[in-house]
Amino acid sequence: MTDNGSFLTAWESRPIAIWQTRWRVPELLMFERVGSTNDIIKARADQGAEAGALAIAEFQTRGRGRRDSQWRAPSGTGLLMSMLFRPASSSRADLAGTIPIRVGIAAARAVERVTGIDVALKWPNDIVARDGRKLAGILCESSLSSTGIAYTVVGIGLNVLQTEQQLHDDARNRAVSLRLLADAVPDRGAVATALIEALLALAPQAARALSPDELAEYAARDVLARHEVTADGTAAGVASGIGDLGDLRVRQGRTVRSIHAGTVRRAL
């Protein structure tokens, strides 16, 4: 199950049992090194784990983002975690797109509360600084049954302590860490606690359409809004917010269409 991973006995100078008590999670698996925390929680979900089961790793050998892109972070610099969500009741499969939106909003609030950094969101799964540099990626993987969403594994990779030299960066995917944005070096334990508390509040909820308040908060954080964007490298139109199923709305002339998946970027 651990992909040759090694379990940690302590994290941030405290025993793992202390963190489990502090975070009030039903199960906590912490690794020095592992393949993918999402894969760990998927396996636990299939074995009947409760909502809120959590895996954290200091380093992942197969950490991934959407479309199997890699998520890289030097050991001990980021927060690499996955949590199990189980809907309180059967949720329609077409509501799966609302989950990363809610997770992004909750995570943005948590980061702001601890660090004071003004955080924005980029559809569908990035947490970014206001200038667009990437702070975190979210990967939600849902298991679908004939009745809807059986469970969802929510993975988050958050840049916390990286220096500029440690960040994986390129011309189209600029990255930044909380350390580089904050007035003081962030406390990883405090950031993790705020983030986990935010996720635990969502883990047992049924997926549902996004409310007007959620749509308004997303709009206030949306770095794509009113910009020309491309979808999978092709001109798509002007980003015009999101719909209540988590889809991205783009406008071309008088026509508005929805994008449900793909890599969307501001046009150069």
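Predicted model: local features only at pLDDT ≥ 70, side-chain atom pairs only at ≥ 80, totals over all residues.
Me: What percentage of the residues in the chain is buried?

Reply: Buried means under 20% relative accessible area, exposed means over 50%, and partly exposed lies in between (1.4 Å probe, protein chains only). Of the 268 residues in the chain, the buried part is 51%.

Me: How many helices and strands does the secondary structure comprise?

Reply: Helices (H or I, at least four residues) and strands (E, at least two) are DSSP runs, numbered from the N terminus. By that rule the chain comes to six helices and 15 strands.

Me: Among contacts between residues at least 6 apart in sequence, what percentage joins residues at least 24 apart?

Reply: Contact means heavy atoms within 4.5 Å. Among the contacts in question, the part that joins residues at least 24 apart is 65%.

Me: Which residues of helix α2 are buried, and what covers them?

Reply: In α2 (residues 37-46), the buried residues are Thr37, Asn38, Ile40, Ile41, Arg44 and Ala45. They lie on the same side of α2, because they cover an arc of only 160° around the axis. The arc is that of the directions from the helix axis to the C-beta atoms. Their cover includes β4 (28-33), β5 (54-57), β6 (78-85), β9 (134-145) and β10 (148-159).

Me: Which exposed residues does helix α6 carry on the face turned away from its buried side?

Reply: The buried residues of α6 (residues 212-221) are Glu214, Glu217, Tyr218 and Arg221. These cover an arc of only 100° around the axis, which puts them on the same side of α6. Their cover includes α3 (98-115), β7 (119-122) and β12 (234-242). The face turned away from that buried side carries the exposed residues Pro212 and Ala220.

Me: Which residues does Ile101 contact, leaving aside its neighbours within four places in sequence?

Reply: Ile101 is placed in helix α3 and counts as buried, at 2% relative accessibility. Its C-alpha atom is separated by 8.6 Å from that of Leu210, 109 residues away along the chain. Beyond its sequence neighbours, Ile101 is in contact with Trp123, Pro124, Leu210, Tyr218, Ile242 and Gly246.

Me: Is the peptide bond between Trp123 and Pro124 cis or trans?

Reply: Most peptide bonds are trans. Pro124 is placed in the loop between β7 and β8 (126-129). With omega at about 0°, the bond that joins Trp123 and Pro124 is cis.

Me: Is phi of Ser13 and of Arg24 positive or negative?

Reply: Most residues other than glycine have a negative phi. Ser13, in the loop between β2 (10-11) and β3 (14-15), counts as exposed at 80% relative accessibility. Arg24, in the loop between α1 (16-23) and β4, counts as exposed at 72%. Phi is near 70° in Ser13 and about 60° in Arg24, and in each residue the value is positive.

Me: Which residues does Thr152 touch, not counting residues up to four places away in sequence?

Reply: Thr152 lies in strand β10 and is buried, with a relative accessible area of 1%. Thr152 and Ile99 are 53 residues apart in sequence and 8.6 Å apart in space, C-alpha to C-alpha. The residues that Thr152 touches are Met83, Leu84, Phe85, Ile99, Cys140, Glu141 and Ser142.

Me: Is Thr77 buried or exposed?

Reply: Thr77 is found in the loop between β5 and β6. Outside the four places on either side in sequence, Thr77 touches Val160, Leu161, Gln162, Gln166 and Arg188. At 7% relative accessibility, Thr77 counts as buried.

Notes:
Residues numbered from 1 in each chain as written. Heavy atoms only, no water.
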